Amino acid sequence: MGLRDDLERYREVGEARREDLAEFIQYGDLGQSLPDEVRIPIKIVDLPEFAYDRLDQGGVGQGQGGTPDVGDPVGQPRPQPGDGDGEEGQAGEDGADHEYYEMDPEEFAQELDEELGLTLEPKGKRVIEEKEGDYTDITRTGPASTLDFEHLFKEGLKRKLSMDFDEEYVREALRVEGWGPDEVFAWAREKNMPVSRAWIADAASEIPETERDRWGSIEEMERSVEEETPIQRIRREGLKQIPFRREDERFRYPEIVEEREKNVVVVNIRDVSGSMREKKRELVERTFTPLDWYLTGKYDNAEFVYIAHDAEAWQVEREEFFGIRSGGGTRISSAYELAKELLEEYPWSEWNRYVFAAGDSENSSNDTEERVIPLMEEIPANLHAYVETQPSGNAINATHADEVERHFKGGNGVAVAYVTGPDDVVDAIYTILSTEDNEGQ
């Protein structure tokens, strides 16, 4: 049973990797990963193996120094009390061994989709190529090789059915006593038969005089003679000819398929004012980094803009973004003003846009209501998100996240998440990405 259990555990490593993924996002060392390569720590599981001595040293089954007990290593002496004893350690003191499973952002995004149950399918915006697709469209003109014979046949068959009528049934009406072509033609019109007055007149001239009083009334004839439908007649006789017309011709041509590139620009905004201490900065990194990986894996081309702000805002490189700290005050609107300016290089018609901001929700008086919210409404984006990082809970003047959430009411492509510790990170990521998913962008 031990070998089977070990093998089963080895097969379960793939599922455990997804659990490691969630744990890694919460507590792992993000520094082990690169922008285009995610490294997830996984527990090492060794495959079991048999160990035995050479046959010339006694062989399997030959006892040495007494009868071996169940569980003794084959060909090796039983350990004696005190053998290998050293200083007594504490359980779990050394920790588990780990290796790293490397995945690209696309695989990371797929794993996160499965873990969180997301179905986000990004849309391409900028057309990079137009090419011919399947021959699904039709036109009235074209080369003979593209003639749609199925359409032609169907149109001819519909015409055949619409023009057809039971000739013998009409001839029986001409055998009603006292009826001539005029009475039969009026009767046929009432029954929506596609028969002409001239055809009835010709058919009447062929009816012998001795048969013109076979039926005393039209009602008697209808009770005695069953009308055959066109479908019944086709099944009985088959199709001898179908009346095709040139106006029925249609020619297939390929639809033009626009190949669209899935481009995305992600604006990451972070409060670097004096109140953003190390724990708050770490929670920002722990939330934003997986979001960057996820969107990199979802889009063909992903670009990132990093904005730091205190009372003023400035653009920084990614390496500076998570560690920078200032001693100034806070005016969040300065970051959105800069974001609006920088996004002019990424037209909304060609680029998907995400604007992610994070901080401890402290902001200068009235800035959120008077400047930030209007700017969020002015900047078109797939998703705006604000992540509040307050390890000790809400401060008295930390109201920015609440004001944003209250104004947008959890909709209009705006997500607000609250992170007080690593345990909240996965839920925050789900809140953000599921808002984008539900908006159907």
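Just after helix H6, Asn 192 takes a positive phi of about 55 degrees, helices (H or I, at least four residues) and strands (E, at least two) being DSSP runs numbered from the N terminus. The structure is a predicted model, in which local features need pLDDT of at least 70 and side-chain atom pairs count only at pLDDT 80 or more, while totals for chains, interfaces and linings use all residues. Residues are numbered from 1 along each chain as its sequence is written, and side-chain values use heavy atoms, with hydrogens and water left out.

The protein chain contains 15 helices and 12 strands. Of its 441 residues, 38% count as buried, where buried means under 20% relative accessible area, exposed means over 50%, and partly exposed lies in between (1.4 Å probe, protein chains only). The accessible surface of the protein chain comes to about 26,000 Å², of which 44% belongs to carbon and sulfur atoms; such areas come from the Shrake-Rupley method with a 1.4 Å probe, and for residues only the protein chains shown count as cover. Among contacts (heavy atoms within 4.5 Å) between residues at least 6 apart in sequence, 80% join residues at least 24 apart.

Helix H6 spans residues 181-190, and its buried residues are Val 184, Trp 187 and Ala 188. Seen down the axis of H6, these buried residues fall within an arc of 100 degrees, so they line one face of the helix, the arc being that of the directions from the helix axis to the C-beta atoms. On the other side of H6, Asp 182, Arg 189 and Glu 190 are exposed. The buried residues of H6 pack against three helices, namely H5 (167-173), H7 (197-205) and H8 (218-224).

In the loop between helix H4 (149-163) and H5 lies Asp 166, which is buried, with a relative accessible area of 9%. When residues up to four places away in sequence are not counted, Asp 166 touches Glu 226, Glu 227, Glu 228 and Arg 233. The C-alpha atoms of Asp 166 and Pro 230 are separated by 7.4 Å, although the two residues are 64 apart along the chain.

Attention now turns to the strands. Strand E10 (residues 352-359) is mostly covered, with eight of its eight residues buried. In a regular strand the side chains alternate between the two faces of the sheet. Both faces of E10 are covered, with Asn 352, Tyr 354, Phe 356 and Ala 358 buried on one side and Arg 353, Val 355, Ala 357 and Gly 359 buried on the other. Strand E7 (residues 263-271) runs parallel to E10 and is joined to it by seven bridges, two strands being paired if DSSP finds at least two bridges between them; in this pairing, Ile 269 stands opposite Ala 357 in E10. E10 also pairs with E11 in the parallel sense, over six bridges, and here Gly 359 stands opposite Glu 388 in E11. Strand E11 (residues 383-389) is in turn joined to E12 by six bridges, again in parallel, with Val 419 in E12 as the bridge partner of Thr 389. Strand E12 (residues 414-419) is mostly covered, five of its six residues being buried.

A search of the whole structure finds 11 aromatic pairs, in which rings of Phe, Tyr and Trp (its six-membered ring) have centres within 6.5 Å, with planes under 30 degrees apart counting as stacked, over 60 as edge-to-face and the rest as tilted. Phe 321 and Phe 322 form an edge-to-face pair, 5.0 Å centre to centre and with 80 degrees between the planes, and both of these residues are buried. The rings of Tyr 354 and Phe 356 have their centres 5.9 Å apart and their planes at 55 degrees, so the pair is tilted; Tyr 354 and Phe 356 are both buried.

Arg 270 lies over the face of Phe 321, at 6.0 Å from the ring centre, where a charge sits over a ring if NZ of Lys or CZ of Arg is within 6 Å of the ring centre and within 35 degrees of the ring normal. Phe 322 is found in the loop between helix H11 (318-321) and helix H12 (333-342), and has a relative accessibility of 9%. Leaving aside neighbours within four places in sequence, Phe 322 is in contact with Arg 270, Arg 281, Val 284, Glu 285, Phe 288 and Thr 289.
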